[in-house]
Amino acid sequence: MTIPFQAFMTDAESTRYNSASEALAHPATYLEQGGILYFEHSPFGFSDEDRDFLLNQKQLESPRHKNIAYKPHLDKLTGIDQRAGVDTLRLKAVLKSYSEKTTQFLDEFLSPYRNHRSLDYTSFRPLEEEGRVLRLRARNDLLHVDSFPTRPTYGKRILRVFTNIHPTKVRVWKTSDNFEVLAHRFKGQMRPLSGQLERSDKTSLRQRLSHALGLKQSNQSPYDRWMMDFHNFLKENADFQAQARKATWEFPPHSGWMVYTDMVSHSVLSGQYALEQTFLIDPEAQLLPEKAPIEILKDLYGYPTSTLRTAEHQLPEQIPV
Ligand SMILES: O=C(O)CCC(=O)C(=O)O
Ligand SMILES: [Fe+2]
């Protein structure tokens, strides 16, 4: 597919490549090296009517939810304040359509991933990001790499596809060093991975309790636990937040971009009204598999990826090294 794109590299040089003026490699290679793939006009096929509908949704803030999410596999919306009088059926249809169109685009534009991707949540972000009051670990104005507390990925990559649907306002991001650089830099300050591999009494007690209470267990793998810890560590690290090298990116109205947010450290500083679709991509489908965070953790700690991605309750008594 010959859709023009730009690749904004997030390393110290902040190089920008433009497929309209130079011959470029497969777009996936830029993504996998920590690039943001940028499209001046979002190619994810979004109609003006759908955009106008979303922009007219006012009272969408719910104290319990960060964003409005559509869960494609359940065909379900969450994060809506029921008192707001939202046309939930229409909202669901609009998000479903965004989900389908981004999937169609991804399957053609990033064809090596086609049979190796699964669809995660779709989100609508109607609130102004500047000055949002959220608990620290939920704040997105602090640099972080993504990890989802309730959705373990078992080593799959987190690829997110954004569209700025605000009629006039840019969405502003900052990025810093990528996962590989940061994981090496901060390994010594993280809980050792061996701790994450233990099927401790505490773990089984927690599991028994959750089971008894009928709670959903997140059943993370050591990989997911490390990634969640790292997400929290970065947000809680005031020195890192203050002193990290930062590059600023502005995404104008109507633009679209995609990025591996488990690799590119990022924060959103301002902007309102964005749509986002998350995909999980098998590390096996990567053109540069050595860049996947699970491979980097394997090299950093010496545990095989098969161990790192095993769900907690299935970990063997003896951990193979
Ligand atoms: O909404 C954005 O622009 C990015 C927010 C973010 O970092 C996230 O949802 O993980
Ligand atoms: Fe994020």
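Good morning. Of the 321 residues in the protein chain, 37% are buried, where buried means that 20 or more other C-beta atoms, placed from the backbone, lie within 10 Å of the residue's own, and exposed means 12 or fewer. This is a predicted model, in which local features need pLDDT of at least 70 and side-chain atom pairs count only at pLDDT 80 or more, while totals for chains, interfaces and linings use all residues. Residues are numbered from 1 along each chain as its sequence is written, and chains are lettered from A and ligands numbered from 1 in the order in which they are written.

The protein chain contains ten helices and twelve strands, taken as DSSP runs numbered from the N terminus (helices H or I, at least four residues; strands E, at least two).

Let us turn to helix α3. It spans residues 88-109, 22 residues in total, and reaches 31 Å from its first C-alpha to its last, close to the 32 Å expected (1.5 Å times one less than the number of residues). Its buried residues are L91, V94, L95, Y98, S99, T102, F105, L106 and F109. Why do they lie on the same side of α3? They cover an arc of only 135° around the axis, judged by the directions from the helix axis to the C-beta atoms. On the other side of α3, L89, Q104 and E108 are exposed.

Finally, the core. In the largest nonpolar core, of 61 residues, L37 and W257 touch the most other members; such a core is a set of buried Ala, Val, Leu, Ile, Met, Phe, Trp, Tyr and Cys residues joined through C-beta atoms within 7 Å. Helix α3 gives this core its largest share, seven residues.
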